[in-house]
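Please examine the sequence and the model together while reading.

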Amino acid sequence: MSHYDEKERRALFVFILVFILMAGLPSLVGAQTPIEQTEYVVAIDVEYAPYEFVDASGKAAGFTVELLTEIGNQAGLTFRFVPMNWPDAVAGLDDGTVDLVNMIQTPERAQRYEFSEPHSQIVQAIFSTPSADITDLASLRGYRVALQQNDIALEKLADRTDFEKVIVHSKEEGFLMLDAGDVDAFLAAEQPGLALLQHYQLQQVNITAAGLFPQPFGFAARKGNTALITLLNEHLQSLKNSGAYDALTDQWLTRPAAQSHWLVRYQSQVLAVSLSLAVLAIALAAWTLLLRQVVRKRTQALRESEKQLQEAQTIARMGSYLFDFSAETWKSSAVLDRIFGIDENFERSTAGWAALIHPDDRQYMVDYLTREVIGNRARFDKEYRIIRNNDHVERWVHGLGELEFDAGGNLVSMLGTIQDITESKRAEEVIRRSDEKYRRVVETANEGIFFLDADTRITFTNQRMALMLGYTTEEMLGQKLESFLAEGPLSESSSQMKDRAQGMDEVYEQCFKTKDGGKHWTLMSPRAIFDSDGNLEGFFGMLTDIHERRQVEEKMRQLSRAVEQSPVSIVITDIHGVIQYVNPRFTHITGYTLEESLSQNPRMLKSGETTQEGYKQLWDTVLAGGEWRGEFHNRKKNGELYWESASISPVKDNSGRITHFLAVKEDITERKRTEEQLAAYAEHLGELVDERTRELRNAQEQLVRQERLALLGQVAGSIGHELRNPLGVISNAIYFLKLAQPNANDKVKEYLTIIENEARASDKIITDLLDFTRLRSVDREAVPVSDVIHETFERFPVPLDITVALDIPADLPKIFVDPHNLVQVLGNLTLNACQAMTSPASTSSNADQPRKGELTISAALQDNLVRMNVQDTGIGIPAENMAKLFEPLFTTKIKGIGLGLAVSKKLVEANGGRIEVKSEAGLGSTFTLWLPVAESSSRRVNERDPH
């Protein structure tokens, strides 16, 4: 053996020894790490997929859950996973109820907790609504931003005070607030945030900035728990060496589907991997040449290169294959197996490959392989969809392949790669949809939108701008914007554009020429566009259609001139009545100048003669949208009073909302003076006519009354006796019939009762006639009030459905009256009250069941007189009948001749008293008797009725 072989053998020996030492180091270290506890509580953030979450069955799942499970299996430990929200997890770690938490490592947190070696790297993202113009951290200024309690974003932005922070307890709360529009943005971890977006299907939430605050992500324990952290580090490294860690990352830590521009964001990593692969390939070739003569060494190098190639393929999500056309089979790398979701039992044939292709793309791809690639001996280069075999999830892949031929030109094989490009495809779809959305916004915008190049030539215009000017978009493209301007020299427009190129962006009015030769006014707002080097690329602008507004303004100017020259006063106020405008006629009449009137209220003209009710009616009318017309007696600045006729109406905007009030007023002082004189003459004449008419009417009524009373006296005197005899016979007959027929049917009893009541009513009419038409002696004596009331109820019983209430004080003095007269008076009042409470107008909705009323009789001593009240809850007396109530022959009843109250008044006055009444329609009546009090020694006095 040569010297070179001996040297090579030594190098190989050293390499194997180092490899053995490195492979055995973790177990040696692990053996030296004392740890007594075998079960640890791990807080699982339920909102942190794919790292950790709770699956549909309620179990903890995710990358870190399986990672800790693998570590526990190796180390003989049990990790009990407890799902909770992130703030609760941090609190549990602080108070000792939790042993381990998956946490982002920062210098500040490293002072509070023990951290393991990072197993991943976490980046944050900004999620916002489409209406918020948020693209990075700087653009958060002025917005409402949700931040989760104890989150890294809250720590990183703690010093920011230029936006409103809304602290939420969970990511769910933050995303739902964002979707509802309660906040404008929410900062969360990028991958968990995208997973929650997909879970809640939030259509109004986008990721607008990603890759923020890249931080190492590992396990955290309380300070002093170094044994657990050391153990985690040892077994984490062991899993990495064995490839189990890589399998877990491939399974769980895929790129988020909705992430945009990920290829650009990670191009440095891709480049680094590519360079590493190149260096690896060179190193592999060198090792292969160096160890070619040593079989064992070559085998070790091949294994190492395969491992590194697998790692490179895993990072790039790219698997390799070799297609053997003679055997019609293909071999695949482990990464390609994961991309396809297949295992070693899968049939790797042409049919097997075709079965993996999406059904919609299958025939096309088979034709592409057989006709274009094999038929034309071309390179395989195609993006297509597959249905992954193990979970049936749709994925996009990019296949590359080079055909290999033998010396005779026969097709032997195809060697190539297949890369999972699902994330980039989804990113492209997001970009496409975003572009489509903004295109629709631009095309459907109510404003005209245009882009110009640096020479002010139109490179784009939306349909709204073209329609505004009467052109098509094709007719406007390539034309200079100045060629469409209608007013102002072109040099002035060019100067304005140059000003905007210097950063000026004010809005100004611009008139354009329409295709038909007309003019169209717009509000123009151009803005310069610069490239990354600060060079002017062009302009972007918007046109707001103000043509109708300009026409309205012209009409307003014409109207203003008419108002200024109007012969009537015109006043415009805001909705609070504050004067905004008065015309010259107003200042001429009132003496107030324009400056003195503005910002004042028209109440400055008040004379105090218009009532508050009048002003209230005015405001109620105009605030309801109506027009008020009326007259004011106002006061000028010099104190002189004047009359004006006013019309006040509301002014509304397009939505119907009242914005101002318009008053048009005319000075009618002279007209009012003339009207007052005429009214005075008319009033005097009317008074004369009314006075004479009253005299004639009173005389006529007195004459009729006298004639009626005279006739009534004659009739009462002549027929009273003749009528009473038959009525007595009828009453006795009824009494006899009731005794003789005790078992008569109800109908007979009902008619006997009716005849008896009618006979009694007729007798009362005769009594009232006789009492009213003849003079009777009054035998007054001292009697208790209670005796009189008792006798009244015996002679005039109250119906059972009426409640009677008495309020007669025991110490009430006796009254000095004729008891028979007073019983008759109280009987008349009681009967009237009962009839008022049982009449049809006072019954309930049930016609068969009259409403029960209440009759109240009370008495009291007042001013040395006894006041007796007879109060009912009946229908009351209309106001127009109150004055005629005690007149003879006046009645509103169907029965009776209207003498009951007239007789009662006459009898009360004959006994030295008086009668009064208070009533309101629908609220009952109260009749009051004022009666004299008896002296201490009772005596009888015979008096003649003075009437």
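Apart from its neighbours within four places in sequence, T350 is in contact (heavy atoms within 4.5 Å) with F323, E328 and W330. T350 belongs to helix α14, residues 350-356; helices (H or I, at least four residues) and strands (E, at least two) are DSSP runs, numbered from the N terminus. The C-alpha atoms of T350 and T329 are 6.7 Å apart, although 21 residues separate the two along the chain. T350 has a relative accessible area of 31% and is therefore partly exposed; buried means under 20%, exposed over 50%, and partly exposed in between, with a 1.4 Å probe and protein chains only.

This is a predicted model, in which local features need pLDDT of at least 70 and side-chain atom pairs count only at pLDDT 80 or more, while totals for chains, interfaces and linings use all residues. Residues are numbered from 1 along each chain as its sequence is written, and side-chain values use heavy atoms, with hydrogens and water left out.

Helix α2 (residues 63-75) packs against helix α9 (residues 244-252) at an angle of about 160°, with the axes 10 Å apart. Axes are lines fitted to C-alpha atoms, for helices over the stretch in contact, and angles run from 0 to 180 degrees between N-to-C directions. The angle therefore makes α2 roughly antiparallel to α9, a term for angles over 145 degrees. On the α2 side the contact is made by F63, E66, L67 and E70, and on the α9 side by Y245, L248, T249, Q251 and W252.

The largest nonpolar core has 37 residues, and M868, F927 and L929 have the most contacts inside it. Such a core is a set of buried Ala, Val, Leu, Ile, Met, Phe, Trp, Tyr and Cys residues joined through side-chain atoms within 4.5 Å. Helix α27 gives the most to this core, with eight residues. Beyond its neighbours within four places in sequence, L929 is in contact with residues including L822, V825, M868 and I915. A second, separate core of 32 residues includes A189, I229, L232 and W252.

Some backbone details remain. A cis peptide bond, with omega about 10°, joins A49 and P50; P50 lies in the loop between β1 (39-45) and β2 (53-54). Q201 is not a glycine, yet its phi is positive, near 55°. Q201 lies in the loop between α7 (190-200) and β11 (206-222) and counts as exposed, at 60% relative accessibility.

Note on methods: Angles under 35 degrees count as roughly parallel, over 145 as roughly antiparallel, 65 to 115 as roughly perpendicular and the rest as oblique.
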